[in-house]
Amino acid sequence: MEYSQRNAGFPGLSDGGTQGQSSGQPTAVPDTGSGSFSWSGVVPPQLEEIAMRENGFVLALWGGIGVAIGALLPFIYNVQADGTPAAAGYVINAGDRFISLFFGLLLAGLAVSTRYWPVYRRRIAIASLVVSLLGFAGYCFFTLAGPAGITMQTNAGPAQVSWDPSIGALLSIAGCAACAVAAIVMLRTRPPAAGETR
């Protein structure tokens with residue numbers, strides 16, 4: 001009787017003096033309210049840290065810069081026209097490089113604009129995602145078409161032209177992929193409130 005009275009004020013304790021588990025109620029997970037999401041279990045922690053740095057801004061900026069730098073580096077090599085070696089500029093000319101350079105600067109500019117116009121951050125992130133995915137598809141198509149070869153019009157008539165991708169093409173693909181991932185991060189996280197640091 002005395003033992004029952006001793007535990008009467010602590011209904012959560014069993015007769016053994018330990019905390020009883022409530023079988024009918026799940027354990028609640030505390031809400032941090034940070035507005036962020038995690039890539040845990042999808043990518044290595046190191047890559048997750050890079051992708052989440054400043055809510056994707058750093059990754060988006062360097063992705064755009066990577067595409068711009070790729071336009072200035074060797075883009076293709078081992079160019080052949082009907083089996084005859086040809087100059088690399090035969091496929092990539094100055095105009096194509098300028099377009100690729102402008103495209104990379106556009107991606108970097110979209111990343112910077114999220115800092116100057118945070119109120120339009122979501123719209124800019126959507127635009128960046130669409131543009132980077134289009135660029136990724138375009139660069140991948142160009143890279144895959146190289147080994148397969150395409151028919152081009154030359155001074156001597158139609159010719160089957162093939163090439164191998166070089167560091168410039170691969171860096172452009174990686175830059176577009178980085179911008180796409182960064183845009184997803186921006187869409188899934190909220191910007192820090194005034195006075196809030198991350």
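The model under discussion is a predicted one, and the protein it describes has six helices and four strands. Read from the N terminus on, these elements follow one another in the order α-α-α-β-β-α-α-β-β-α. Of the 198 residues of the protein, 34% count as buried. Among the contacts in the protein with a separation of 6 or more, 72% are accounted for by residues 24 or more positions apart.

The packing of helix α3 against helix α4 was examined next. The axes of α3 and α4 come within 7 Å and cross at roughly 165 degrees; since angles over 145 degrees count as roughly antiparallel, α3 is therefore described as roughly antiparallel to α4. The crossing of these two helices, α3 and α4, is left-handed. On the α3 side the residues that meet α4 include Phe57, Ala60, Leu61, Gly64 and Ile65, and on the α4 side the residues that meet α3 include Arg97, Ser100, Leu101, Ala108 and Ala111.

Helix α4 also packs against helix α5. The axes of α4 and α5 come within 9 Å and cross at roughly 155 degrees, which makes α4 roughly antiparallel to α5. In this pair, too, α4 passes α5 in a left-handed crossing. The contact is made by Ser100, Phe103, Leu106, Leu107, Leu110, Ser113 and Thr114 of α4, together with residues of α5 that include Arg121, Ile124, Val131, Gly135 and Tyr139.

In soluble globular proteins, nonpolar side chains tend to be buried together. The largest nonpolar core of this model has 17 residues, and of these Ile76, Val91 and Tyr139 touch the most other members. The elements that give two or more residues to this core are β1 (76–81), α4 (94–116), α5 (121–148), β4 (157–165) and α6 (167–188), and the largest share, four residues, comes from α6. Leaving aside its neighbours within four places in sequence, Ile76 is in contact with Ala88, Val91, Ile92, Phe142, Trp163, Asp164, Pro165 and Ser166.

Thr143 has its place in helix α5. At 11% relative accessibility Thr143 counts as buried, and when residues up to four places away in sequence are not counted, Thr143 touches Pro165, Ala169 and Ile173.

The cysteines were then considered. A disulfide is a covalent bond between the sulfur atoms of two cysteines. The structure holds zero disulfides. Cys140 is in no disulfide, for the nearest cysteine sulfur, that of Cys176, is 8.4 Å away. Cys179 is likewise in no disulfide, and here the nearest cysteine sulfur, again that of Cys176, is 6.5 Å away; the criterion for a disulfide is a pair of cysteine sulfur atoms within 2.5 Å. At 0% relative accessibility, Cys179 counts as buried.

Asn78, which is found in strand β1, has a phi near 55 degrees, a positive value in a residue other than glycine. With a relative accessibility of 43%, Asn78 counts as partly exposed. Asp82, found in the loop between β1 and β2 (84–85), has a positive phi of about 55 degrees although Asp82 is not a glycine. At 52% relative accessibility Asp82 counts as exposed, because the cut-off for that class is over 50%.

Terms used:
Residues numbered from 1 in each chain as written. Predicted model: local features only at pLDDT ≥ 70, side-chain atom pairs only at ≥ 80, totals over all residues. Heavy atoms only, no water. Core = buried A, V, L, I, M, F, W, Y, C linked by side-chain atoms within 4.5 Å. Buried < 20%, exposed > 50% of the residue type's maximum accessible area, 1.4 Å probe, protein only. Contact = heavy atoms within 4.5 Å. Axes fitted to C-alpha atoms, helices over the stretch in contact; angles between N-to-C directions. Parallel < 35°, antiparallel > 145°, perpendicular 65-115°, else oblique. Left-handed = near helix turned anticlockwise from the far one by under 90°.
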